[in-house]
Amino acid sequence: MSERLVYPHPLVDSREDGVVISQTSAQRVALDAARADFLVSAQQRGRRPILVTHAGAVLTEPLVRVLREAGGAWGVQSPEGAWDGLTGRRLTRASAARREPVREPDELHPLSLAADAAPHAVRIRLFTSRRHRDALETVLGGDIETVALALTGSLPAGWGVHEPSGMAWDRDQITLHAREVGTPARYLVVGHSDTHPLSAQLSVHRTHKGVEELCEILITIGDAADPATAQRLALLPAILERLSDGVPLFAMAFADLGRADLFRAPRLARPTWPLAMLIGAPGTRILGVDPGEFAERHNGRVVGRHRVPAILLNLTDADPASAWGRMRTIVDEIGEDRLMKASPALSGLLFGGGAR
């Protein structure tokens, strides 16, 4: 197929060697159908997509996620210069964004370190990986429901394949759609609450034993100075314990300080810290660990049913630095290679920067 038949895509403003550039003057940029098609098409044809915005623009979580998956970058242009919206790296021009790591402080653009005027809050970022039989009785979306009810007090509001996620929340309909389109499949989920907004992604992948459901959930839980926020943070181990029913592989919960509205501004993100980790019964078998001994070594406990025990590790009693130290010890004992084999998607989140 010729280049002319593939591009120009309606959102392509210019092209360079191996790169397609899309510019927008919008204040809030979402993963609508056209932008999703732009990113996926670029990835499929081996081109690196670059999204260029002005300094006051913000992106939705789903757009940031898919932009990263497509190998793309976010270039930010302002009268004071250009920088990479994901790394903060100073650029000669916004369209040259490459998401190169920053190694020296002077490589950062000062505006990438500037305070964001929008309200900030403590957010929970929770990842789950669950196995299902490829059977008619399988219903997707249970983990998102459990987490949403526990932290927002209501079920999710809607779902869709693009933003806005305008179809009313219905686990049966999501499951039916995934069964009809086949795997892999991806769905975006939003919550009801204005005070505790929720943004989630549900992905379905086929495995040799059935299907694996992956969820990434982001929820604002409150102001850092509010005692109720600390109480919600303390709930995370109990919430992960509820997820031990069925056949979960893994679940992990992290906290961070970020925009309360869940948008991403072109500023350096603040570090996350781990709160809790669940290693489900299949996970313990794949990793080759004894649940009782492993839990005892890491101040955890065995949960779930007696015949299919899971391991729950609670890190909420530690400060962020100590929590990361304990998490590093746990991962070192398991081994990154074994964790990668057990759940490549979760390993990518841990070691590829998705949790941070």
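A salt bridge, defined as a side-chain nitrogen of Lys or Arg within 4 Å of a carboxyl oxygen of Asp or Glu, links Glu137 to Arg133, with the closest N and O atoms 3.0 Å apart. The model is a predicted one, in which local features need pLDDT of at least 70 and side-chain atom pairs count only at pLDDT 80 or more, whereas totals for chains, interfaces and linings use all residues. Residues are numbered from 1 along each chain as its sequence is written, and side-chain values use heavy atoms, with hydrogens and water left out.

Relative accessible area was classed as buried (under 20%), exposed (over 50%) or partly exposed (in between), with a 1.4 Å probe and protein chains only. The structure holds 21 salt bridges. Side chains of opposite charge can pair when their charged atoms come close.

The chain carries 41 positive and 42 negative charges, whose mean positions lie 3 Å apart. In this count Lys and Arg are positive and Asp and Glu negative, with His and the chain ends not counted; each charge is placed at NZ of Lys, CZ of Arg, CG of Asp or CD of Glu.

The secondary structure comprises 12 helices and 18 strands, taken as DSSP runs numbered from the N terminus (helices H or I, at least four residues; strands E, at least two). The radius of gyration is 21 Å, close to the 21 Å given by the globule rule for 356 residues, so the chain is as compact as a globular protein of that length. This radius is taken over C-alpha atoms, and the rule is 2.2 Å times the number of residues to the power 0.38. The C-alpha trace spans about 60 × 45 × 40 Å along its principal axes. Buried residues account for 51% of the 356 residues. Of the contacts (heavy atoms within 4.5 Å) between residues at least 6 apart in sequence, 64% join residues at least 24 apart.
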